[in-house]
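Here is a short briefing for someone meeting this structure for the first time. Please look over the sequence and the model before reading on.

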Amino acid sequence: MKKYSIVIAGGGSTFTPGIVLMLLDNLGRFPIRQIKFYDNDADRQEVVAKACGVMLKERAPEIAFSYTTDAERAFSDVDFCMAHIRVGKYAMRELDEKIPLKYGVVGQETCGPGGIAYGMRSIGGILKILDAMEKYSPNAWMLNYSNPAAIVAEATRRLRPDSRILNICDMPIDLMEKMANIAGLPSRKEMVVRYYGLNHFGWWSDIRDKDGNDLMPVIRRHMKEHGFSNAMSDSSQHIESSWNDTFLKARDVYALDPDTIPNTYLKYYLFPDYVVEHSNPQHTRANEVMENRERAVFSACRAVAEKGTAEGIGLEADVHASYIVDLAAAIGENTRERMLLIVPNEGAIENFDSEAMVEIPCILGKNGYEKIQMGKIPRFQKGLMEQQVAVEKLTVEAWIEGSYQKLWQALALSKTVPSARVARLILDDLVEANKEYWPALS
Ligand code: NAD
Ligand code: G6P
Ligand code: MN
């Protein structure tokens with residue numbers, strides 16, 4: 001069996017230890033000879049790297065391990081780049097969330113003005129990593145979690161159409177674990193689904209068990225009463241009460257179209273007034289993450305390095321890590337697994353923009369992916385998606401052309417923003433806050 005070499009870009013991410021643990025748990029089916037970390041913040045990365053170095057030494061000392069801020073060292077001799085960078089880190093996420101809220105508009109990491117601002121930061125960072133990977137390891141695959149995945153995917157479709165980058169999201173994965181639990185199945189892997197939409201903007205239209213039995217009726221009954229709440233999943237990520245509110249709110253999102261099961265992110269577009277009323281403009285999700293996940297992961301990493309062992313420290317691998325490792329294994333070992341990816345539509349959704357990046361099921365193997373046809377989608381979903389895909393495309397065009405006008409249009413078109421006037425007020429604050437990260441706009 002071939003042994004793979006992996007670079008994790010965004011080595012200092014809170015999700016890095018989980019991915020390393022998941023790689024270690026899967027060595028039997030996906031053998032590894034080397035793991036490297038790459039980040040542009042050496043100090044942050046070092047904390048995570050020291051802990052992962054201990055974990056690797058304890059469990060698989062034969063795997064070569066190194067970490068660097070040098071692109072040539074990082075991207076030479078690799079088969080996969082697993083990327084999860086956050087350009088501007090939590091400090092900028094906090095501003096993405098708080099600036100729109102000042103104007104009574106949804107403040108969210110990937111949706112609305114915050115997502116647009118984050119997209120304008122991420123594009124350059126992702127292109128740099130993708131180019132380095134293709135220069136030093138031309139046959140490698142980049143598996144990308146970096147957000148906002150919809151905008152990153154559109155940017156790479158436009159600017160690097162031949163690149164081997166696959167963009168993914170863990171939200172449907174956690175929700176499918178919950179739906180499997182609702183249907184009495186041990187895991188999402190026992191389900192075969194049809195799902196269509198944009199990233200953080202999609203719907204399940206069909207869910208069956210492996211014998212073809214329809215699971216939609218039992219899931220619908222649960223959604224009608226509880227949304228995605230009262231359902232179990234092996235996620236250490238979506239656990240705070242703010243996430244539980246989101247899972248419960250899916251009940252109201254579901255009520256709009258009881259024929260399909262919605263992604264939780266649709267609440268930001270369909271109930272923006274509710275979201276704003278339930279937000280604290282002084283304390284947003286970025287603050288919660290810094291107080292909870294970031295603090296927990298970094299203190300656990302420091303403890304592992306200090307004690308020289310990872311045993312009993314509480315770092316764990318969950319569905320987020322399992323999905324990216326499954327994807328790498330599917331390509332490396334040609335498993336032909338069916339997984340959701342964000343890919344160019346090109347007719348997969350028949351009555352939708354062929355040049356849109358859509359999230360749909362695909363079959364994964366050593367030559368990449370094959371898309372599953374989704375046919376025609378209903379008017380409600382299509383209408384919403386037309387508007388949102390235009391927002392994403394205008395954002396990418398604004399980045400490419402340095403166009404203030406197009407970015408204003410993107411904000412004004414977002415369903416989360418009430419008027420072009422408010423769009424402009426928010427945009428001007430975002431321009432000021434993002435001076436270091438965005439291309440100059442005129
Ligand atoms: P984090 O801030 O803890 O980690 C991000 C790391 O990226 C940091 O160490 C930072 O220094 C590094 N970084 C920033 N800019 C960089 C650049 N240009 N080059 C190299 N490294 C750079 O963030 P996190 O909360 O762990 O999340 C990481 C990323 O994963 C985010 O983009 C987040 O949105 C994304 N994410 C995506 C999904 C999904 O469903 N697609 C799920 C979870 C997290
Ligand atoms: C889900 C989404 C990710 C997003 C994350 C935010 O997992 O799929 O795209 O980054 O939620 O979670 P957080 O805990 O950082 O708010
Ligand atoms: Mn996601």
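The notes below go topic by topic.

This is a predicted model, in which local features need pLDDT of at least 70 and side-chain atom pairs count only at pLDDT 80 or more, while totals for chains, interfaces and linings use all residues. Residues are numbered from 1 along each chain as its sequence is written, chains are lettered from A and ligands numbered from 1 in the order in which they are written, and side-chain values use heavy atoms, leaving out hydrogens and water.

**Metal site**

- Cys169 (SG) and His200 (NE2) coordinate the manganese ion (ligand 3), at 2.2 to 2.3 Å. Donors are N, O and S atoms within 2.8 Å of the metal (3.2 Å for Na, K and Ca); water is not among the atoms, so sites may look incomplete.
- The pair links distant parts of the chain, 31 residues apart. Cys169 is in the loop between β6 (165–167) and α7 (171–182), and His200 is in the loop between β7 (191–198) and β8 (201–209). Helices (H or I, at least four residues) and strands (E, at least two) are DSSP runs, numbered from the N terminus.
- Cys169 is buried, at 8% relative accessible area. His200 is buried too, at 5%. Buried means under 20% relative accessible area, exposed over 50%, and partly exposed in between (1.4 Å probe, protein chains only).

**Backbone features**

- Most residues other than glycine have a negative phi, and most peptide bonds are trans.
- His200 has a positive phi, near 55°.
- Glu346 is not a glycine, yet its phi is positive, about 40°. Glu346 sits in the loop between β10 (337–344) and β11 (357–365). Glu346 is exposed, with a relative accessible area of 56%.
- The peptide bond from Asn147 to Pro148 is cis, with omega near -10°. Pro148 lies in the loop between β5 (141–144) and α6 (149–159).

**Nonpolar core**

- The largest nonpolar core has 107 residues, of which Trp204, Ile207 and Ile261 touch the most other members. Such a core is a set of buried Ala, Val, Leu, Ile, Met, Phe, Trp, Tyr and Cys residues joined through side-chain atoms within 4.5 Å.
- Helix α13 (residues 319–332) gives the most to this core, with ten residues.
- Contact means heavy atoms within 4.5 Å.

**Helices α4 and α5**

- Helix α4 (residues 89–102) and helix α5 (residues 112–136) pack at an angle of about 145°, with axes 8 Å apart. Axes are lines fitted to C-alpha atoms, for helices over the stretch in contact, and angles run from 0 to 180 degrees between N-to-C directions.
- Met92, Arg93, Asp96 and Pro100 in α4 meet Pro113, Gly114, Ala117, Tyr118 and Arg121 in α5.

- Tyr103 lies in the loop between α4 and α5. Tyr103 is partly exposed, at 26% relative accessible area.
- Tyr103 and Ile426 are 323 residues apart in sequence, but 7.2 Å apart in space, C-alpha to C-alpha.
- Trp408 is in helix α15 (residues 404–413). Trp408 is partly exposed, at 22% relative accessibility.
- Leaving aside neighbours within four places in sequence, Trp408 contacts Ala420, Ala423, Arg424 and Leu427.
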